[in-house]
Amino acid sequence: MQVSFQYAAQLAGAAGCDGETRDIDPGTSLLAALTQLAQSHNSLYTDLLFSEDGQLCSSTLIAIDNVQINTASPPTLDTDCTVTIITPMSGG
Amino acid sequence: MTTPRTELTDEERAIYSWQLDVPGMGEEGQLKLRNSTALVSRVGGLGGPLAFQLVAAGFGKVILAHGGTIKPSDLNRQIAMNYEGIGSSRVISARDTLQRFNPNVEIEIEDANISEGNAAELVSRADIVFDAAPLFEERFLLNRECVAQNKPMIDCAMYNMEGQVIPIIPGQTACLNCIIPDLPTHWKRRFPVIGAVSSMVANIGALEGIKLIAGFGTVQAGHIIFVDTVNMTLQKIATRKNPDCTICGKDASHA
């Protein structure tokens, strides 16, 4: 299946693009998909997405098809979808 | 406490005549704005133009909270201030700019950023709170007080060519802590942004607050309004209320 990953804020800078699409097997967990994806990116990408214990970073907003997910229990990916990832931003 | 106004003055009808014709606004909506107080946390690149729009729209009172003095690096985006004010108080400069623009609005200032020492008192004086602060500690404090005092908060943020606005209604929507439960470890205080982006995000935030107070349109409560100005797209992301949130969850002391 096709999963589009959309990057925003610092993560877009770390990825060097605002998104990419990958072929992913149905039933793959979001955590596994992002872990695999991180292998093709730099260390900042990994640092922004994952905490030291390898779990998804709680302060990064992740949404699937425009619905925020619980990063503490990331879902599996079963159909074509868009994963939006927004790292924290603020005023100034 | 002042008695709520039941009628607009002729001068107010003249000033706001164009927006009185906006469907849903009318004199009733305008009076709701006139009888409301908004707190704006920080009046920099986001909060300055946001406060500008609240003053232009005719809120009765706007409270501006911002510490520090104007630096040259503020002036690509902090349009409530100006070059002549470099070295002087940010919030006084912003107040003077806004007061000149609309002398009918009462503008109060707090020459300090949101802190444990002033957050509760400032939020208690407002009907709606606009968060445009850079530091997450300030934003979390404001969120905590808004939840505790059941006040709506419009959280505004930006980075590079992107921005987001989160209308938060305690008891109904996710709070800021549901969305960002921890201090970000890799966020940097200085980040890239163009003033036109911060103003656009500010205007979206102001509009959400104006609609909420005046009582028309659809406030995007429970959503993040995400704007990407590189591709000129606007996206609405449904937020997730965390039942275990330490601020608004079932066991939180402030809920």
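Trainee: How many residues does the contact take from chain A and from chain B?
Mentor: This is a predicted model, in which local features need pLDDT of at least 70 and side-chain atom pairs pLDDT 80 or more, while totals for chains, interfaces and linings use all residues. Residues are numbered from 1 along each chain as its sequence is written, and chains are lettered from A and ligands numbered from 1 in the order in which they are written. Two residues are in contact if their C-beta atoms, placed from the backbone, lie within 7 Å. On that basis, the contact takes 20 residues from chain A and 32 residues from chain B.

Trainee: Which elements give two or more residues to the side of chain B that touches chain A?
Mentor: Elements are DSSP runs numbered from the N terminus: helices are H or I with at least four residues, strands are E with at least two. Those giving two or more residues to this side of chain B are α7 (136-148), β5 (153-159), β6 (162-168) and β8 (233-238).

Trainee: How do the residues on that side of chain B divide?
Mentor: Ala, Val, Leu, Ile, Met, Phe, Trp, Tyr, Cys and Pro count as nonpolar, Asp, Glu, Lys and Arg as charged, and the others, Gly among them, as polar. The side of chain B that touches chain A then divides into 18 nonpolar, 8 polar and 6 charged.

Trainee: In what order do the elements of chain A run?
Mentor: Chain A has 3 helices and 7 strands. Read from the N terminus on, the order is β-α-β-β-α-α-β-β-β-β.

Trainee: Which strand of chain A pairs with β7(A) in the antiparallel sense?
Mentor: Two strands pair if DSSP finds at least two bridges between them. Strand β1 (residues 2-8) of chain A has 6 bridges to β7 (residues 81-86) of chain A, but these two run parallel; A:Gln6 stands opposite A:Thr84 there. On another strand, A:Leu61 has A:Ile86 in β7(A) as its bridge partner. The antiparallel pairing, over 4 bridges, belongs to β4 (residues 61-64) of chain A.

Trainee: How do α3(B) and α9(B) lie to each other, roughly parallel or roughly perpendicular?
Mentor: The axes of α3 (residues 26-34) and α9 (residues 195-214) of chain B come within 8 Å and cross at roughly 110 degrees. Axes are lines fitted to C-alpha atoms, for helices over the stretch in contact, with angles from 0 to 180 degrees between N-to-C directions. Under 35 degrees counts as roughly parallel, over 145 as roughly antiparallel, 65 to 115 as roughly perpendicular and the rest as oblique. α3(B) and α9(B) are therefore roughly perpendicular.

Trainee: Which residues of α9(B) meet α3(B)?
Mentor: The residues of this contact divide into 4 nonpolar, 1 polar and 1 charged. From α3(B) come B:Gly29, B:Lys32 and B:Leu33, and they meet, in α9(B), B:Ile210, B:Ile213 and B:Ala214.

Trainee: Is B:Ile225 buried or exposed?
Mentor: B:Ile225 lies in strand β7 (residues 223-228) of chain B. Among the residues that B:Ile225 touches are B:Val165, B:Ile204 and B:Leu234. A residue is buried if 20 or more other C-beta atoms, placed from the backbone, lie within 10 Å of its own, exposed if 12 or fewer, and partly exposed in between. B:Ile225 has 20 such neighbours, so it counts as buried.

Trainee: How many residues of strand β1(B) are buried?
Mentor: β1 (residues 37-41) of chain B pairs with β2 (residues 61-65) of chain B in the parallel sense over 5 bridges. β1(B) is largely enclosed by the rest of the structure, because its buried residues number 4 of the 5.

Key: Lists of a residue's contacts leave out its neighbours within four places in sequence.
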